[in-house]
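Trainee: I would like to go through this model term by term. Please set each value against its cut-off before you conclude.

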Amino acid sequence: MSLKDRIQQFDASRKRPPEVVAILRRGIDSVRESGVAGLGIGERAPDFVLPNQRGEMVRLSDRLSRGPVVLNFYRGVW
């Protein structure tokens, strides 16, 4: 089974109410239509500084110097 098929199967198993699915779909479509694109595979992120959950400023390059970094971006905040 392909990854795409597995993701679709997982998504279908979550049994989200239709109104929730519609809201999620509108958000996804809005981002796609905006033309904004993320990084491609193997592309390096530019260095940046953002506040963490405690309001402390965190630089990407500082974190990368300690090992791999995983970022989660949520609509409007990170």
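Trainee: What radius of gyration does the protein have, and what would a compact globule of 78 residues have?

Mentor: The protein has 17 Å, whereas a compact globule of 78 residues would be near 12 Å. The radius is taken over C-alpha atoms, and the globule rule is 2.2 Å times the number of residues to the power 0.38. Along its principal axes the C-alpha trace spans about 40 × 30 × 25 Å.

Trainee: What should I know about the model before reading on?

Mentor: It is a predicted model, in which local features need pLDDT of at least 70 and side-chain atom pairs count only at pLDDT 80 or more, while totals for chains, interfaces and linings use all residues. Residues are numbered from 1 along each chain as its sequence is written, and side-chain values use heavy atoms, with hydrogens and water left out.

Trainee: How do you know how many helices and strands there are?

Mentor: Helices (H or I, at least four residues) and strands (E, at least two) are DSSP runs, numbered from the N terminus. The protein has three helices and two strands, in the order α-α-β-β-α along the sequence.

Trainee: Why is Asn-52 called buried?

Mentor: Buried means under 20% relative accessible area, exposed over 50%, and partly exposed in between, with a 1.4 Å probe and protein chains only. Asn-52 has 14%, so it is buried. Its place is in the loop between β1 and β2, and its side chain reaches the backbone nitrogen of Arg-54 at 2.8 Å. Buried residues make up 4% of the 78 residues in the protein.

Trainee: What makes helix α1 hardly covered?

Mentor: Helix α1 covers residues 3-13, and the count of buried residues among these eleven is zero. Lys-15, which follows α1, has a positive phi near 50°.

Trainee: How do you know that Asp-11 and Arg-16 form a salt bridge?

Mentor: A salt bridge is a side-chain nitrogen of Lys or Arg within 4 Å of a carboxyl oxygen of Asp or Glu. The closest N and O atoms of Asp-11 and Arg-16 are 2.4 Å apart, and the pair forms a salt bridge. Asp-11 is partly exposed at 38%, and Arg-16 is partly exposed at 30%.

Trainee: How many salt bridges does a search of the whole structure find?

Mentor: The search finds three. Another one joins Arg-54 and Glu-56, with the closest N and O atoms 3.4 Å apart. Arg-54 counts as exposed because its relative accessibility is 58%, whereas Glu-56, with 40%, is partly exposed.

Trainee: What do the side chains of Asp-47 and Arg-59 form?

Mentor: They meet in a salt bridge, at 3.4 Å from N to O. Asp-47 lies in the loop between α2 (18-34) and β1 (49-51) and Arg-59 in strand β2 (residues 57-59), so the pair ties together parts that are twelve residues apart in sequence. Asp-47 is partly exposed at 42%, and Arg-59 is partly exposed at 36%.

Trainee: Why are Val-20, Leu-24 and Ile-28 called a nonpolar patch?

Mentor: Patches are made of residues with over 30% relative accessible area and no salt bridge; like charges are joined within 9 Å, and nonpolar side chains (Val, Leu, Ile, Met, Phe, Trp, Tyr) within 5 Å. Leu-24, in helix α2, is partly exposed with 40%. Val-20, Leu-24 and Ile-28 together have about 210 Å² of accessible area, a value from the Shrake-Rupley method with a 1.4 Å probe, where for residues only the protein chains shown count as cover.

Technical notes. Polar contact = N/O pair within 3.5 Å; in protein donor to acceptor, adjacent residues only side chain to side chain.
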